Amino acid sequence: MNIMFFDYRESEKEYFENHPNDDFNIKFIEEPLNEDTEISDYDSKETCVISVFMTSKITSRVLDKFRNLRVITTRSTGYDHINIDECAKRNIRVLNVEHYGKISVTEYTIGMIIALIRKVVPAVRDMKNANINTQRYIGRDLNKLKLGVIGTGAIGSSVCKVAKSLGMEIIANDKQKNLELKDIVSYTDFETLLKESDIITLHIPYTPEAFHLISEYELSLMKNNSYIINTARGELIDTAALYNALENGKLAGCALDVQECENIVINDGKHLVSNIIKADKFCIQQTVITQKLIESDKVIITPHIAYNTIDAVNTILEVTFQNIRNFLKGDNSTNRVV
């Protein structure tokens, strides 16, 4: 079976060196797949499976490039970068990978909490610049702070358990309570969580209904000098409103591993100009605001790496190829999105 493997990254190469897939004919492409990607006539005709990451954008025009496509397997849990309705119309199976980042994203989230509360980033910067003032780095003990967790699925519940071991009080909000957390978490309504938490961390999937879940009104409800962490999806937070809340002193800081319009914000410089030219007005505005956030001493921004450990990447690839094998064996349910 011919597979085109887009978004091929350095962190994935070791897996393929140690795990040959002789039953597949794999073509590796480092670039993401989008409407500008050129597909040869041979690949258009012969490719049955494509594998992509979040940086690809699978639209109807992209699907038109492939004449015999049967499966799209995304190396992520989220799939908002894929036009699911169009895939369903064309009888193309979409498969994802669930829970691969449970440990890695949990550890990253806790690390960001500590980095923010203990002022690690400004302290490191000032140390390098020989401009030290220890009064600027006064922090708090975590066991004196209340953590608000939005979303208590695999990752959110794991964050709760680790935070509890550090002595933190934890409140949470979710559509469905996680019974495993009954002795760890107090569930509450969304507005109460915003008002009472010293630190808020987001662990919910992105859907159109969740666009700007945290915006100007929600930020106004948060405690003065509180913090927010987002390792889920950039679109969950209104970037402009967040910037204003930091600038006017409402929030003490934030850590963002995800941003709005990531295909522009996260880049290696090779395609920045072409991406900006193709971007809509909204994404250009978000890019400018994100740049201002990057320059702020109150903000930690990283390029969507919370999941990125060797162990998590290997899990993603193992599940990805097992998904394909299951499909070929007639499995119609495992990790199926559509």
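How many disulfides does a search of the whole structure find? It finds one, and the close-ups below start there; keep in mind that this is a predicted model.

**View 1. Cys261 and Cys283 are joined by a disulfide.** Here the two sulfur atoms sit 2.0 Å apart. The angle about the S-S bond is -80°, and that makes the link of Cys261 and Cys283 a left-handed one. Follow the chain out from each end and you'll see that the pair ties distant parts of it together, 22 residues apart. Cys261 belongs to the loop between strand S11 (251-256) and helix H11 (262-265), while Cys283 belongs to helix H13 (residues 281-294). Both ends are tucked away: Cys261 is buried at a relative accessible area of 7%, and Cys283 is buried at 14%.

**View 2. Cys48 is in no disulfide.** Look around Cys48 for a cysteine sulfur and the nearest belongs to Cys87, 15 Å away. Cys48 itself is buried, with a relative accessible area of 19%.

**View 3. Cys254 has its closest cysteine sulfur in Cys261.**

**View 4. The largest cavity holds about 70 Å³ of space.** This is one of two cavities of 30 Å³ or more. Its lining includes Asn230, Gly234, Ile237, Thr239 and Leu242, along with Leu256, Val258, Gln259 and Glu260. Thr290 and Leu293 are in the lining too. By residue type, the lining of the largest cavity splits into five nonpolar, five polar and one charged.

**View 5. The second largest cavity holds about 40 Å³ of space.** Around it you'll find Arg93, Leu95, Asn323, Asn326, Phe327, Asp331, Ser333 and Thr334. Strand S5 (93-95) and helix H14 (310-328) are the elements that give two or more residues to this lining. Which of them gives the largest share of the lining? That's H14, with three residues. Sorted by type, the lining of the second largest cavity has two nonpolar residues, four polar and two charged.

Conventions. Residues are numbered from 1 along each chain as its sequence is written. This is a predicted model: local features need pLDDT of at least 70, side-chain atom pairs count only at pLDDT 80 or more; totals for chains, interfaces and linings use all residues. Side-chain values use heavy atoms; hydrogens and water are left out. A disulfide is a pair of cysteine sulfur atoms within 2.5 Å. Helices (H or I, at least four residues) and strands (E, at least two) are DSSP runs, numbered from the N terminus. Buried means under 20% relative accessible area, exposed over 50%, partly exposed in between (1.4 Å probe, protein chains only). On a 1 Å grid over the protein atoms alone, a cavity is a set of points where a 1.4 Å probe fits but cannot get out, and a pocket is an open set with protein on both sides within 12 Å along at least five of seven lines; lining residues have an atom within 4 Å of a point. Grid points are joined across faces, edges and corners, and a volume is the space filled by probe spheres set on the points. Ala, Val, Leu, Ile, Met, Phe, Trp, Tyr, Cys and Pro count as nonpolar, Asp, Glu, Lys and Arg as charged, and the others, Gly among them, as polar.
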